[in-house]
Structures are given as structure tokens and as C-alpha cells.
Amino acid sequence: MAGTGRSTVETGARKGTATGPAPGAPEADSADGVGGDGTVSSGTKVASQDQQARSATRPQRPAPPGPLKPTRARRRPALIALGLALVALSVLAAVYLVSTLGNTYEVLAVRTDVSRGAEITTGDVGIVELPAGPTLLEPIPADQLDRYVGGVATTDLKAGQLLTESSVADQLEPPAGQSVVGIALAPSQMPLQPLRPGDSVRIVETPAAGGEPPAQAPFAIAATVVTPAQDSPVGDQKVVDVRVASGNAAALAARAATGRVALVLDSTGQG
């Protein structure tokens with residue numbers, strides 16, 4: 001009996017040593033920081049706090065942008081129509097320029113220098129081609145060469161200059177035995193009908209303002225208009241150049257200076 005009780009005690013002692021710590025001994029922490037009684041050890045808390053601090057200070061990487069959504073172009077009928085219209089206009093302009101530059105016409109031009117008053121000969125004039133189209137020039141067509149050869153130059157002509165009607169005349173003004181006198185006239189002293197070169201007129205002496213008309217025929221001088229009426233810097237007057245016989249030029253100039261003259265149109269286009 002005694003042997004049986006001893007073995008029972010030893011077996012219980014061995015079981016107490018294997019199954020738990022001795023009474024009064026501190027409980028050992030488990031590998032995951034949790035004690036035998038379920039509490040977290042202080043070392044595990046410090047490690048967890050350090051890990052959280054490192055995670056807070058670590059810079060956060062921005063999320064990569066997502067794929068762009070394909071945009072769909074909006075079609076505007078008005079813009080498309082405008083573009084087509086501009087293209088059509090460009091094509092028409094190109095066709096017009098090509099066709100215009102391809103068309104030319106022949107005119108007269110000066111080949112050598114010609115002094116004012118000199119006679120124009122066949123050797124002084126040549127034929128050149130100009131592109132067809134609107135222009136401010138008024139050249140003489142080449143088929144009128146015979147009409148202007150033999151005339152005199154009304155101004156100095158330079159080689160390469162186009163020949164115009166105003167640069168050629170039958171004779172210079174004034175011809176021998178005649179003189180040109182300029183007359184300033186108010187609108188009430190001349191007809192409303194426009195005056196043109198070659199018009200036959202008379203310059204008539206008039207009485208003073210408010211005076212009685214003359215009992216006899218007033219003094220009058222026949223003349224021919226050389227240049228149309230031009231605006232005068234003095235008031236609303238106009239200046240007309242007329243050609244008269246040299247013997248009447250002085251008398252006409254003296255009377256015109258008084259302003260007591262009037263112009264009478266007799267006929268048009270006759271020299």
C-alpha cells in the first residue's frame with residue numbers, strides 16, 4: 001500500500017510540473033506577445049507603436065491616373081460649309097488669275113526720249129503687250145499708230161512710257177499768233193453746262209454791280225476753251241483757260257482782272 005501511494009504522488013508531481021508553472025512563479029509571455037492570461041505584453045505594444053509611426057511618416061504614392069476616355073469630335077455643319085465655300089472661292093480666283101494673265105492686248109509705248117514740242121516719228125514709238133483686266137491707265141491701242149505719228153509731244157516723254165492721248169497733240173498750245181488767258185469766273189458769270197476743250201465762247205464785259213446796262217453793245221472777245229473750268233482757291237470761283245488772238249490778249253486780261261466779265265458759250269467742239 002505504501003508503494004502504491006508513493007507512485008501516485010510522483011505521478012501527480014510530474015503532472016504538475018508538465019501542465020503548469022509552480023505556484024507563485026511569473027507567467028511566461030507567449031510568442032505572439034499575449035500572456036497566458038490573455039493580456040498583451042509591453043514589448044509588443046512598443047513594437048506596434050513604432051510600426052504605426054513609420055507608416056504615418058512614409059510618403060503616400062498618388063494613385064496612377066486612369067486611362068483617358070476617347071473624345072468624340074463634334075461636327076459643325078456651318079463650319080464645314082464655310083470651309084468648302086472658301087476652297088471653292090480659292091479655286092475660282094486661281095482660275096480667273098490664270099485666264100486673265102494669259103490674255104494681253106497691244107498698246108503704244110515710247111521707245112526713245114522725246115522732248116516737249118518735238119514731232120513724234122515711227123521710230124519713237126513701239127508696241128508692247130499689257131495684261132487684260134481693269135486698269136487706271138489709258139494707253140493708245142496699237143492699231144491707232146498712224147493717227148498719232150506726226151503729232152507733237154505735249155510734255156517730255158521718257159523711253160518706256162506708255163503713250164496716251166494727252167501726251168500727243170496736233171500742235172502745242174498756243175499756236176503761233178494766239179495767246180492763252182486765264183479767267184476767274186463766279187458761277188453766275190458762266191453757263192451751267194460743262195465747258196470742254198474746243199468750245200467756242202465769248203468773253204463779254206459787264207457793268208459794275210448795280211449799274212445800268214450799256215446803251216451800246218458791250219465789249220466782247222471771241223475765244224476758244226483750252227482747259228475746262230477748274231476750282232479756284234478764291235471763294236467759289238472757277239478758272240477757265242481760253243485761247244484768243246494775241247492782239248486781244250492784253251485787253252481781255254485787263255478786263256478779266258476787274259471781275260466784270262461773263263462767259264457766253266456759242267458752240268461746242270469747234271476750234
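Let me begin with Arg202, which is partly exposed, with a relative accessible area of 37%; here buried means under 20% relative accessible area, exposed over 50%, and partly exposed in between, with a 1.4 Å probe and protein chains only. Please keep in mind that this is a predicted model, in which local features need pLDDT of at least 70 and side-chain atom pairs count only at pLDDT 80 or more, whereas totals for chains, interfaces and linings use all residues. Residues are numbered from 1 along each chain as its sequence is written, and side-chain values use heavy atoms, with hydrogens and water left out.

A search of the whole structure finds 3 salt bridges, the term being used for a side-chain nitrogen of Lys or Arg within 4 Å of a carboxyl oxygen of Asp or Glu. In one of them, the side chain of Arg202 meets that of Asp266, at 3.1 Å from N to O. Asp266 lies in strand 9 (residues 261-267) and Arg202 in strand 6 (residues 200-205), so this pair ties together parts that are 64 residues apart in sequence; helices (H or I, at least four residues) and strands (E, at least two) are DSSP runs, numbered from the N terminus. Asp266 is itself partly exposed, at a relative accessible area of 42%.

Arg255 counts as partly exposed because its relative accessibility is 26%, and Glu205 counts as partly exposed at 27%.

What does the charged end of Arg255 sit over? It is the ring of Phe219, with the charged end of Arg255 placed 3.7 Å from the ring centre; the rule asks for NZ of Lys or CZ of Arg within 6 Å of the ring centre and within 35 degrees of the ring normal.

Staying with helix 5, its buried residues are Ala249, Leu252 and Ala256. These residues pack against strand 5 (178-185), strand 6, strand 7 (220-231), strand 8 (238-245) and strand 9, where contact means heavy atoms within 4.5 Å. Just after helix 5, Gly259 adopts a positive phi of about 80°.

Lys238 and Asp231 form another salt bridge, their closest N and O atoms being 2.4 Å apart. Is Asp231 buried or exposed? Asp231 counts as exposed, at 63% relative accessibility, while Lys238 is partly exposed, with 31%.

Let me turn to Val125, which lies in strand 2 (residues 125-131) and is buried, with a relative accessible area of 7%. Not counting residues up to four places away in sequence, Val125 touches Leu108, Ala109, Arg111, Ile120, Leu145 and Leu163.

Finally, the surface: Leu79, Leu82, Leu86, Leu89 and Leu92 make a nonpolar patch of about 530 Å². Patches are made of residues with over 30% relative accessible area and no salt bridge, like charges being joined within 9 Å and nonpolar side chains (Val, Leu, Ile, Met, Phe, Trp, Tyr) within 5 Å; the areas come from the Shrake-Rupley method with a 1.4 Å probe, and for residues only the protein chains shown count as cover. Leu89 lies in helix 3 (residues 77-102) and counts as exposed, at 55% relative accessibility. An α-helix has 3.6 residues a turn, so residues three or four places apart point the same way.
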